[in-house]
There are 2 protein chains.
Amino acid sequence: MPGKDWLPAAVRAVAIDRKLKSGEALFRFGDKTTGFCEVIAGRVRMCRVDRSGREVILFVAGPGETIAEASLFSTVYHCDAIASTDVLVRIYPKQALLAAFEKDRKAAQAFAATLARQVMNLRTRIEQRNIRSARERVRHYLGLNADAGGRSVSLPGTLKDLAAELGLTHEALYRTLAALERSGEIKRSKGKIALLRRRKI
Amino acid sequence: MPGKDWLPAAVRAVAIDRKLKSGEALFRFGDKTTGFCEVIAGRVRMCRVDRSGREVILFVAGPGETIAEASLFSTVYHCDAIASTDVLVRIYPKQALLAAFEKDRKAAQAFAATLARQVMNLRTRIEQRNIRSARERVRHYLGLNADAGGRSVSLPGTLKDLAAELGLTHEALYRTLAALERSGEIKRSKGKIALLRRRKI
DNA sequence: CGAGTGATTGACTTAGATCAATGACCGTGG
DNA sequence: CCACGGTCATTGATCTAAGTCAATCACTCG
């Protein structure tokens with residue numbers, strides 16, 4: 001699962017794995033940037049601390065997600081990264097990365113392409129969150145993630161995870177799916193959802 | 001306002017402005033990619049049409065926003081772009097861009113940096129949307145957008161715009177701000193919000 | 001065989017969406 | 001210059017969908 005394939009082999013070769021205990025800092029605001037990271041296991045939160053000492057969370061990264069890409073283009077970090085659980089991260093050293101981009105423009109382009117794709121996906125997720133109704137939100141998701149034929153959607157993880165991604169409580173998601181199934185709009189089976197007829201609006 | 005400063009002058013020089021009537025397509029799924037765009041005025045929606053003919057919106061871009069960055073790394077578009085209002089867009093031709101990146105690695109890096117920063121911002125916005133409570137959501141926003149001293153936040157546009165960005169109805173935002181002010185947590189003035197004492201949790 | 005987690009459903013509550021009305025503040029065009 | 005139409009800001013009343021709390025069942029894993 002882990003091991004970003006769009007990274008040049010030369011960079012992957014020099015990646016450093018690091019373990020953190022829950023609560024430990026991977027880096028802190030103002031530290032010199034060393035590279036960007038992939039979370040292998042556990043969760044890391046990126047956050048800042050405001051004047052009143054409150055921690056403001058920017059983003060929490062789970063397994064497979066990357067953090068601090070922007071740090072490649074900056075000399076210091078602009079937020080803290082703290083382990084929220086015991087964590088294993090893989091660090092891709094900045095100089096190796098930039099050097100690779102320098103000599104291999106394909107690699108640089110692959111990196112930019114990955115970022116661009118991420119921007120797209122994130123925008124879509126935000127758009128999704130603009131939909132208030134749980135039912136419509138689920139429909140939006142199903143519509144976007146249907147397979148080529150548009151007949152079914154395969155669920156990657158658990159329904160709980162999906163609920164989190166959709167910004168719903170798991171209960172709300174269960175109920176919504178149940179309602180959609182009752183109304184004959186979908187049919188559920190192990191790890192899959194078949195899309196049946198569509199009702200008008 | 002418009003005119004992306006991180007773009008090489010050579011590219012900005014060859015940008016093409018184009019007007020679209022509401023409903024007109026800027027490009028469609030499967031079209032060969034010509035470049036990426038900046039919306040100067042109006043709104044453009046990126047969308048797909050699912051098997052049942054329903055339009056699924058990926059993202060709607062307003063003035064100052066860019067679209068289709070990912071198209072630079074693909075030969076065809078993967079969604080439709082339709083004018084939601086009468087629109088003026090600026091198109092940055094793909095070959096000019098890629099050529100510029102080829103010869104000027106600073107330009108390529110600036111582009112990647114912009115994307116990386118966007119990824120960061122978007123993630124933060126999603127995190128924000130994970131906060132259910134309107135009050136906490138507003139606090140999160142204020143905490144993140146406080147000026148250096150952490151004493152005040154200046155409002156870029158109208159409160160309505162802010163409400164949209166926060167994923168709240170404008171009414172909910174007005175009420176929340178009024179409540180925060182009543183409780184002495186903030187003080188509002190023309191285009192600014194001063195942050196006063198903080199209550200415990 | 002428990003312990004832990006996901007899936008599911010019920011009952012209840014509430015925060016925020018919706019609908020509605022009002023006043024302030026433009027810009028503009030006659 | 002002023003009336004008028006438009007948008008923002010604001011507040012009230014009402015309603016409901018989704019969150020919260022809670023209980024149960026099915027599984028899987030040591």
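How many residues lie between β4(A) and β5(A) in their hairpin? There are five residues between these two strands. One residue in the turn deserves a look: A:Gly53 has a positive phi of about 85°.

Keep in mind that this is a predicted model. Now follow the two strands themselves. Strand β4 covers residues 44-49 of chain A, and strand β5 covers residues 55-61 of chain A. The strands run antiparallel, and six bridges join them. Find A:Arg48, then look across to β5(A): the residue opposite is A:Val56.

How confident is the prediction here? The mean pLDDT of chain A is 90. Of its residues, 97% reach 70 or more. Within chain A, confidence is lowest in β5(A), with a mean of 89. It is highest in strand β2 (residues 25-27) of chain A, at 97.

Step back to view chain A as a whole. The domain assignment gives domain 1 (9-128) and domain 2 (133-195). The C-alpha centres of these two domains of chain A lie 30 Å apart.

Next, turn to chain B and a pair of helices. Two packed helices are described by the angle between their axes and the distance between the axes. Helix α2 spans residues 94-103 of chain B, and helix α3 spans residues 105-129 of chain B. Their axes come within 5 Å and cross at roughly 115°. From α2(B), the contact uses B:Ala100, B:Phe101 and B:Lys103. From α3(B), B:Arg105, B:Ala107, B:Ala108 and B:Phe111 take part. Sorted by class, the contact of α2(B) with α3(B) has five nonpolar residues and two charged ones, with no polar residues.

Terms used:
Residues numbered from 1 in each chain as written. Chains lettered and ligands numbered in written order. Predicted model: local features only at pLDDT ≥ 70, side-chain atom pairs only at ≥ 80, totals over all residues. Heavy atoms only, no water. Pairing = 2+ DSSP bridges. Helix = DSSP H or I, 4+ residues; strand = E, 2+ residues; numbered from the N terminus. Axes fitted to C-alpha atoms, helices over the stretch in contact; angles between N-to-C directions. Contact = heavy atoms within 4.5 Å. Nonpolar A, V, L, I, M, F, W, Y, C, P; charged D, E, K, R; others polar. Domains from an automatic or database assignment. pLDDT = per-residue confidence, 0-100.
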